[in-house]
Amino acid sequence: MSSTNVDDLQSVVRGGPARGGAGDRVFRGLATGAGVVILATLAGVALFLIVRAWPAITASAEDLPGGENLLAYIWPLTFGTIIAATIAIVIAVPLSVAVALFISHIAPRRIAQPMSYLIDLLAAIPSVIYGLWGIAVLGPASVGLLRWLEDNLGWLPFFEGPASATGRTMLVVAAVLAVMILPIITAVTRSVFEQTPRRLQEGALALGATRWEMIRLTVLPFGKSAIISASMLGLGRALGETMAVAIVLSVSGAITFDLIGSGNPSTIAANIALDFPESSGLAVNALIASGLVLFAVTLVVNMAARTVINRQMRI
Amino acid sequence: MSTEPTQREDVTDTDPNADVPGLGSLASNAHAHAEDAHTVAAPARVRPPVQVAGKVLPGWAPWGIVAATAVVMAGLVAAIGWNWALWVVGTVVVGGAAQYVVSRAVEGKRRATDRGFTYAIVAAFALALAPLISLLYTVVSRGAARFDGEFFTWSMRGVIGEGGGAVHAIYGTLIITGCATLISVPIGILAAIYLQEYGQGRLKRALTFFVDVMTGIPSIVAGLFAFSLFSIFFGPGIRLGIMGSVALSVLMIPIVVRSTEEMLRIVPNSLREASYALGVSKWRTIVKVVLPTALGGIVTGVVLAVARIIGETAPLLITVGVVSSVNVNPFDGRMQNLAVFAFNSYKSPGVPPEPSIDRAWTAALVLILIVMVLNITARFIYRRFGTEIR
């Protein structure tokens, strides 16, 4: 057998004949080109945002909206974004882990699959509809609860009040966001819970553990890093979610931890959606600069989450 | 091995590394971009053994306790003034506590803890589904008011107050989404072919990683990107349908890449090797063997990706703008879009506000129907054409 034949054989094992004609080279070039286009698009997002934000970054303070420097313009929005996303995560993570456990370990197998379709359905509903639901149903329904929180837990800075009469508050926004990010956190954690080695689970049961003890001793430790990375993915979604916040939240510029009043700062994304259509000149550049901040934050959060997930999957 | 203490037969064995994802994993992949390359079709389940020693509550006890609590709570709540929310919340909380107390008295602490957490998990699941039910009910009941012929045949040109429709928004939605699909599908499928069939080394690793990261880009940022790109060439006042398509493509491409890659991965290697053995070149193998085998799954993924972007609002709000008459040319001027139409009709309803708000709900209902139809179509395609892969 000549050496060329051996080379051919090895390349077949790797996944293809070695000698390619013009067609092979063209097709390979197209496929690689598509990959490069995707990477270039991501770089382009950063580049074009910087180019269009630049006039606002270099502009003098009095030309900007609000008449102060760019940081003073973006900071309240960043604060609002972080507050909304954090509370959404606090609500969504325990709920998602419970839903994931329900589908992976508690529900009878017959209904587990349909139930996971239902949870996926939550992800399919457009965000503008969540916004309409939030302002028309959840907001008004929460007024009683908000008033109760003000009366009974008013000594906490979060529930200082005065409670909103319309329910268009940060707490309601965070609850809507929590529903919206629940499916992705559930999907990621569930897929890892289901991979918990059987021998660990059976071993725990053989030692006399109840089902909850088995979950606590094997499934949750096994899925710990998945819960963390899924939470970060959810955080990324919550930070960038636009329409639900834009519709539901009643906005003022103040920086406050009060979650039940009507004086909260907007979020970056919602502020862009609401102000962009009516803006012109430097105001547009300032909005794009705030978008650049949002892009940077979500990029870092998502990259961190993916790094953790990839490490988990390799094990 | 000792005597069999547990029901061995009950333990179904599923290979945790099985390569065939069920439709559920495909759907969640396209919907929620979940990282579930290793998901199995049906979850492997380890059942706890039946308890053999000690006193055990009968099987109906959990339901019975909650039902009894519901009756008691109904009396209590009726006494202080009827309130549905209070009754439901009270029943759930008190019912759980009662179950724990009873179980602890009869079965002991560990069994009671087990029942308590099981109860909490089921309650959390019900809580997660409550918004879905409430939302669907609200949209259907409020959207039905204007779900009529006029809504689907009229635009909003010259309409003040009652009447009018969203035909311009429906056209706009279809055209903008169609253009986005035309841009995304070739790039997405080719990139997936690169990743699965050709890619190696740093470019492959970088692309895999950044496609995943791109699925998390906020939609508003994608809109800003499209605006920045076009405004550099055409000035800041530019609003075009195609700008919206570009923005949506940024969101859609990573979804298409991920689902297509998944489908190419489950094409058996023996098919490729058989084709190579017949002397077929690599690219013809991909085009004639690999892609047709995976076609059902790829189309399913594309349909689900369309379902995901068709309801996007924020990027279109800033790139396509709003208009009240029909425009079917994506390269000329503003277009309307259903999601933006719903948002604007609700946000600035005019006087009197009711007709506009009704139109917003009907637009929301139409959007939900479109998304549902796309999802069902995807499942149908996968059932009908995607099964050969197995």
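Residues are numbered from 1 along each chain as its sequence is written, and chains are lettered from A in the order in which they are written. Because the model is predicted, local features need pLDDT of at least 70 and side-chain atom pairs count only at pLDDT 80 or more, while totals for chains, interfaces and linings use all residues; side-chain values use heavy atoms, with hydrogens and water left out.

**Chain A against chain B**

Chain A contributes 107 residues to the contact and chain B contributes 106 residues, where contact means heavy atoms within 4.5 Å. The area buried between the two chains is about 9,700 Å², and carbon and sulfur atoms give 74% of it; buried area is the accessible area (1.4 Å probe) that two parts lose on being put together, summed over both. Within chain A, the residues that lose the most area to chain B are Phe27(A), Arg109(A) and Arg198(A), together 8% of what that side buries.

One salt bridge is counted between chain A and chain B, a salt bridge being a side-chain nitrogen of Lys or Arg within 4 Å of a carboxyl oxygen of Asp or Glu. The side chains of Glu213(A) and Arg110(B) meet in a salt bridge at 2.8 Å, N to O. Helix 2 (residues 22-58) of chain A supplies 21 residues, the largest share of the side of chain A that touches chain B; helices are DSSP runs (H or I, at least four residues) numbered from the N terminus.

**Domain 1 against domain 2 in chain A**

Chain A is divided into domain 1 (23-59) and domain 2 (68-314), with bounds from an automatic or database domain assignment. Their centres, taken over C-alpha atoms, are separated by 30 Å. Eleven residues of domain 1 of chain A are in contact with nine residues of domain 2 of chain A. Leu49(A), Arg52(A) and Ala56(A) supply 48% of the area that domain 1 buries against domain 2, more than any other three residues.

**Buried areas**

| Interface | Buried area | Given by carbon and sulfur atoms |
|---|---|---|
| Chain A and chain B | about 9,700 Å² | 74% |
| Domain 1 of chain A and domain 2 of chain A | about 850 Å² | 86% |

Methods: Helix = DSSP H or I, 4+ residues; strand = E, 2+ residues; numbered from the N terminus.
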